[in-house]
Structures are given as structure tokens and as C-alpha cells.
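Q: Got a model open here. Can we walk through some side-chain and packing details?

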Amino acid sequence: MNVITKQDIINGLADLGLQSDDEIEVHSSLSSFGYVDGGAETVISSLKEVIGENGSIFMPALRLSKELPLTDQDKELGITTKIKILPEDCDRSAMGIIADTFRHMPDTITNEGIFRISAWGKSANEVKDGLQYLIHNSGKALLLGVDIYKLTAMHYVEDLLPNDIKNAFPLSDEINKIYPPEKWFIEAGTFPVKSWYTIQNLAYEKGVIKNGVIGNSKVMFFTIWDVVGLYESELKNNPYKLYGLS
């Protein structure tokens with residue numbers, strides 16, 4: 001078995017361009033690396049060592065389960081996504097073992113609500129506003145074994161979505177009765193186009209995403225606004241085309 005060590009991860013992060021004092025939004029899949037000696041703690045320790053005490057790490061701490069299997073009744077009702085909203089003290093979530101381990105560390109700060117964020121480092125107290133600080137202060141995104149559909153910062157410009165796109169797939173009273181909104185995150189429909197992949201492709205065309213590999217993990221590294229700003233622009237200028245509605 002090929003064992004991924006802390007030094008392997010540190011070297012890979014350095015090759016990507018991660019530097020001391022960087023402030024980063026991290027999304028990750030531990031299993032994507034292969035076997036990591038020391039597991040999630042090794043990945044977190046590597047990140048902290050590279051950016052140092054004057055850097056900052058932000059990770060998702062959303063109180064959401066993984067997508068749950070749909071029943072025949074769910075499908076008949078038109079449900080396409082079913083996710084449980086987890087309690088405040090949940091141990092594991094859909095954010096992955098690296099993010100969950102990070103959230104439970106004693107020097108990590110986590111804000112409140114369903115769409116929580118955890119943070120460590122120089123600017124950890126800025127987590128009170130979620131990812132706003134990183135988005136507007138040249139923060140960078142590090143995607144370890146995942147793609148743009150894990151980039152929580154993308155949601156921060158979606159107030160620009162036209163209402164008819166926001167409300168394209170309303171939930172029926174029956175769905176809300178079976179799955180109360182305070183306990184479940186439910187979707188009942190899909191758009192013709194996966195809009196965020198369009199943004200990811202645009203970002204590659206503009207050369208703002210750097211790729212790398214650490215172990216078996218395909219890694220993406222970029223300045224958050226370079227990608228989120230593209231999404232904002234498309235939402236302002238071409239929202240219906242972006243979602244395959246024109």
C-alpha cells in the first residue's frame with residue numbers, strides 16, 4: 001500500500017503555491033488521497049504548518065447529512081434530493097472527516113446556524129460572517145479531491161438569482177408535511193444545465209485555477225473571487241442561459 005505522509009502533503013501544497021500567511025477556504029475528501037498516515041489530523045496539521053500562525057483556515061461545518069436514498073413515494077412526489085438537517089452537536093456530517101475533525105479541535109471557532117463555518121488562525125474571529133471575509137480579502141480556495149460543487153463561497157452571490165429561478169421547483173404541501181423544512185433540506189427538480197460546472201470551465205479557460213495531485217487526490221487551488229466573481233457576473237448578465245433556461 002502506498003502511504004501518504006505529512007511531508008508528502010506539505011510538498012504537494014507547496015507545489016500548488018500555498019504559502020505562509022495564506023487565508024484559505026478548504027473542502028476535502030480524505031479518501032481521495034489513498035491511505036494517509038495519521039488520517040484527517042495529518043491533513044489538518046499539514047495545512048497549519050504550511051500557512052503558519054499568521055494564516056487562516058476556514059472549513060464548512062454545515063449541519064447537513066449526506067444525500068439519503070429516495071423512496072418510491074419520494075420519487076412519485078418529484079423529490080430529487082433528500083438531506084437531513086443535523087443537530088448542533090452532531091459528530092459527523094456530509095462535510096467529510098477532515099472538516100468534522102477540524103470543527104471539533106479546541107482551537108477552532110465555529111459560528112452558528114445550519115450553514116456554519118469553522119475557522120482557525122489569525123482571522124478566525126471573522127467566521128462570525130461566514131466566508132464574507134475570505135471572499136472580499138483575497139482569500140484562496142483549496143479543493144482536495146472535490147470540485148466546484150463543494151465550494152460554499154459560491155452561494156454567497158446567489159441573492160442575484162432571479163426569483164423565477166430561485167422558485168423554479170416549489171415544494172408541495174404534501175412534501176413539506178412529510179419532510180418539515182426545519183428538519184429537512186429537500187429539492188424537487190433539476191435544471192437542464194449544471195451551472196457551477198459552466199463557471200468551473202470558464203475559470204479554467206481564464207487560467208485562474210491551478211491543478212495538482214497529492215497522493216491520489218486531484219487538487220484545485222485558486223483565489224476565491226477569481227471564480228466566485230465569474231459566477232456573480234454570469235448571474236447578473238446571463239442567468240437563464242447559465243441554468244439552461246434559454
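Q: Start with F169. What is its relative accessible area, and how is it classed?
A: F169 has a relative accessible area of 33%, so F169 is partly exposed. Buried means under 20%, exposed over 50%, and partly exposed lies in between, with a 1.4 Å probe and protein chains only.

Q: What kind of model is this?
A: This is a predicted model, where local features need pLDDT of at least 70, side-chain atom pairs count only at pLDDT 80 or more, and totals for chains, interfaces and linings use all residues. Residues are numbered from 1 along each chain as its sequence is written, and side-chain values use heavy atoms, with hydrogens and water left out.

Q: How many aromatic pairs does the structure hold?
A: It holds 6 aromatic pairs. Rings of Phe, Tyr and Trp (its six-membered ring) pair if their centres lie within 6.5 Å; planes under 30 degrees apart count as stacked, over 60 as edge-to-face and the rest as tilted.

Q: Why is the pair of Y149 and W196 stacked?
A: Their ring planes are at 25°, with the centres 5.2 Å apart, so the pair is stacked. Y149 is in the loop between β8 (140–144) and α6 (163–166), and W196 is in helix α8 (residues 195–205), 47 residues apart. Helices (H or I, at least four residues) and strands (E, at least two) are DSSP runs, numbered from the N terminus.

Q: W196: buried or exposed?
A: W196 is buried, at a relative accessible area of 5%. Y149 is partly exposed at 34%.

Q: Back to F169. How is its ring placed against F191?
A: The ring centres of F169 and F191 are 5.0 Å apart and the planes are at 65°, so the pair is edge-to-face. F169 lies in the loop between α6 and α7 (173–178), F191 in the loop between β9 (184–187) and α8, so the pair ties together parts 22 residues apart in sequence. F191 is partly exposed too, at 24% relative accessibility.

Q: Which residues form one aromatic cluster?
A: Y149, W196, Y197 and Y231.

Q: And what lies over the face of Y149?
A: K194, at 5.6 Å from the ring centre. The cut-off: NZ of Lys or CZ of Arg within 6 Å of the ring centre and within 35 degrees of the ring normal.

Q: New topic. Where does K84 lie, and which residues does it contact?
A: K84 lies in strand β5 (residues 81–84). Leaving aside neighbours within four places in sequence, K84 is in contact (heavy atoms within 4.5 Å) with R63, L64, S65, L68, K183 and W184.
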